[in-house]
Number of protein chains: 2
Amino acid sequence: MSGRDFVENPNRGFIVPIGGAEEKYRDPAILREFVERCGGKKARIAIIPTASRLEETGRKYVELFEELGVREATNLPFKTRQDCDRDDWLKVLRNADGVFLTGGNQLKLSTTLGGTKVGRTLRERNAAGMHIAGTSAGAAYLSEHMIAYGDEGSSPRADMVQMAPGLGLTNTVLVDQHFRQRDRLGRLLTALAYNPFAIGVGLDEDTAAFISPEDTLEVVGTGAITIVDPSQLSYSSMDSAKRHDPVCLINVRLHILIGGGRFNTQTRIATAPEEARQRR
Amino acid sequence: MSGRDFVENPNRGFIVPIGGAEEKYRDPAILREFVERCGGKKARIAIIPTASRLEETGRKYVELFEELGVREATNLPFKTRQDCDRDDWLKVLRNADGVFLTGGNQLKLSTTLGGTKVGRTLRERNAAGMHIAGTSAGAAYLSEHMIAYGDEGSSPRADMVQMAPGLGLTNTVLVDQHFRQRDRLGRLLTALAYNPFAIGVGLDEDTAAFISPEDTLEVVGTGAITIVDPSQLSYSSMDSAKRHDPVCLINVRLHILIGGGRFNTQTRIATAPEEARQRR
């Protein structure tokens with residue numbers, strides 16, 4: 001799928017795509033879990049609100065993380081590619097335990113950060129143990145292959161989805177967000193049909209996949225994660241489908257996971273919450 | 001799933017659920033194929049427009065079938081349960097080669113025809129070789145277990161779908177229609193999760209499943225059919241899910257079939273259009 005090698009790296013930090021609209025006040029389970037992974041009270045969190053058009057987005061997350069008791073939460077509002085050379089902000093990134101990418105438009109993230117020191121620093125620091133979470137557009141951007149935009153609808157059609165290179169923390173998963181809220185199975189299937197190498201991860205709102213260094217994904221939040229595993233795909237008509245044609249796919253494996261459920265992206269085995277609890 | 005036995009019956013007629021909005025004028029491939037199965041120029045077709053609130057629905061289909069060159073097309077507008085005792089209309093049903101149920105509201109079909117001579121005649125005649133097609137609400141109604149209504153969204157949630165007994169031509173499949181147009185994977189998965197005995201058949205608009213007496217399903221039309229096969233389901237949280245909770249499902253098999261594709265509901269093997277052609 002990609003020319004680069006994504007070798008297993010036990011020192012890597014968590015990769016945490018969130019489906020958008022995560023609960024922020026009443027019971028912010030996902031943000032709290034992220035803070036916990038980053039060291040709790042000792043955690044230094046950097047927020048990158050580049051995807052958002054709203055000035056207040058970054059500051060809002062600074063407040064949220066401060067309320068969760070972190071040691072430091074810093075807003076890094078990279079707006080231009082020139083901003084990505086700012087040494088003071090890069091220093092914050094290098095010292096952070098966790099980075100949080102807000103929602104908005106994933107193409108703002110890829111066009112602003114792509115090929116800059118910020119993109120490189122995020123990849124290097126994640127490989128060295130820093131955790132990176134992103135919500136909505138921020139989630140889409142984390143992987144090597146990102147869904148830029150696409151059409152709604154449950155079944156796949158040729159050309160219904162536009163792919164683009166993402167941040168590249170992993171190429172194992174292909175993420176889609178607001179999954180049940182915006183009816184995105186068709187576009188995720190279409191994206192996977194181009195090359196059934198990756199695993200589709202459809203995130204409902206207020207639902208996160210905590211992907212461990214060992215590439216086990218655990219569900220946190222109130223929604224579901226739809227895992228689309230095309231590894232046993234025996235037929236695809238994607239190569240011959242014309243524009244807007246429906247696409248034929250035979251043998252796609254589906255798992256719907258809820259909070260506590262797990263999926264190992266290497267063995268491709270899904271575990272229900274109860275089973276996962278028993279094995280701990 | 002059902003107390004009744006649905007034994008294999010090589011004399012049975014075709015069962016043809018259609019996803020709604022089938023093409024009627026330019027290239028009415030589905031209606032033409034149905035007429036062909038019913039005997040072409042010799043075919044006597046009865047139309048049951050009970051699901052529809054519109055007076056003209058039945059007459060419109062009479063015209064459509066006449067344009068396709070059938071010998072006889074008769075509108076049987078059963079409006080009340082009393083209508084279902086009309087001997088003249090029952091006689092038309094008994095002599096028909098095919099019956100077509102229009103769209104509208106499937107609960108109008110089940111509440112009007114359920115437990116009447118019409119329901120019984122349809123089942124008996126289908127078992128003896130008469131073909132029965134239904135579009136939209138008419139498609140939903142064909143099976144033993146019918147989706148009455150439900151919520152939109154890709155991932156399943158407890159209580160998001162309301163089941164009701166249908167006509168009962170088969171209990172092997174559970175049909176949902178307007179599938180990609182109305183985002184119905186979640187409700188189909190929810191319906192199957194109650195009892196993963198049946199196979200989910202999600203029909204896009206202008207797409208039909210021609211289910212043969214041997215229980216092989218063939219796709220006709222311009223959209224896709226999403227086959228949801230839960231036979232290898234290894235875990236479901238449906239029994240413990242509270243209202244509106246997301247539901248965990250592990251190991252659901254999915255096939256997206258397009259025109260010419262096939263699925264054998266007994267062996268549960270899907271065949272792509274090319275493969276199906278080669279085997280003929």
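Reader: What makes up the packing of helix H3 and helix H5 in chain A?

Author: Helix H3 (residues 87-95) and helix H5 (residues 117-127) of chain A pack at an angle of about 10 degrees, and their axes are 10 Å apart. Axes here are lines fitted to C-alpha atoms, for helices over the stretch in contact, and angles run from 0 to 180 degrees between N-to-C directions.

Reader: Why is this pair, H3(A) and H5(A), called roughly parallel?

Author: Angles under 35 degrees count as roughly parallel, over 145 as roughly antiparallel, 65 to 115 as roughly perpendicular and the rest as oblique. With an angle of about 10 degrees, H3(A) is therefore roughly parallel to H5(A). The crossing of the two, H3(A) and H5(A), is right-handed, a word used if the near helix is turned clockwise from the far one by less than a right angle, with left-handed for anticlockwise.

Reader: Before we go on, where does the model come from, and how are residues and chains labelled?

Author: This is a predicted model, in which local features need pLDDT of at least 70, side-chain atom pairs count only at pLDDT 80 or more, and totals for chains, interfaces and linings use all residues. Residues are numbered from 1 along each chain as its sequence is written, while chains are lettered from A and ligands numbered from 1 in the order in which they are written.

Reader: Which residues of H3(A) and H5(A) meet?

Author: From H3(A), Leu90(A), Leu93(A) and Arg94(A) meet Lys117(A), Val118(A), Thr121(A) and Arg125(A) of H5(A). Contact means that the C-beta atoms, placed from the backbone, lie within 7 Å. By class, the residues of this contact of H3(A) with H5(A) are three nonpolar, one polar and three charged. Ala, Val, Leu, Ile, Met, Phe, Trp, Tyr, Cys and Pro count as nonpolar, Asp, Glu, Lys and Arg as charged, and the others, Gly among them, as polar.

Reader: What angle do H3 and H5 of chain B make?

Author: In chain B, H3 and H5 pack at about 15 degrees, with axes 10 Å apart. H3(B) and H5(B) are therefore roughly parallel to each other, and their crossing is right-handed.

Reader: How do you know that chain A is as compact as a globular protein of its length?

Author: The globule rule is 2.2 Å times the number of residues to the power 0.38, and the radius of gyration is taken over C-alpha atoms. For 280 residues the rule gives 19 Å, and chain A has 18 Å, which is close, so chain A is as compact as a globular protein of that length. Chain A has eight helices and 16 strands; these are DSSP runs numbered from the N terminus, helices (H or I) of at least four residues and strands (E) of at least two.

Reader: Why is Asp245(B) called buried?

Author: A residue is buried if 20 or more other C-beta atoms lie within 10 Å of its own, exposed if 12 or fewer, and partly exposed in between. Asp245(B) has 20 such atoms within 10 Å, so Asp245(B) is buried. This residue, Asp245(B), lies in the loop between strand E13 (235-236) and E14 of chain B, and touches Arg157(B) and Ala158(B), not counting residues up to four places away in sequence.

Reader: What makes helix H7 of chain A mostly covered?

Author: Nine of the ten residues of H7(A) (185-194) are buried, among them Leu185(A), Leu188(A) and Leu192(A). Over chain A, 56% of the 280 residues count as buried.

Key:
Two residues are in contact if their C-beta atoms, placed from the backbone, lie within 7 Å.
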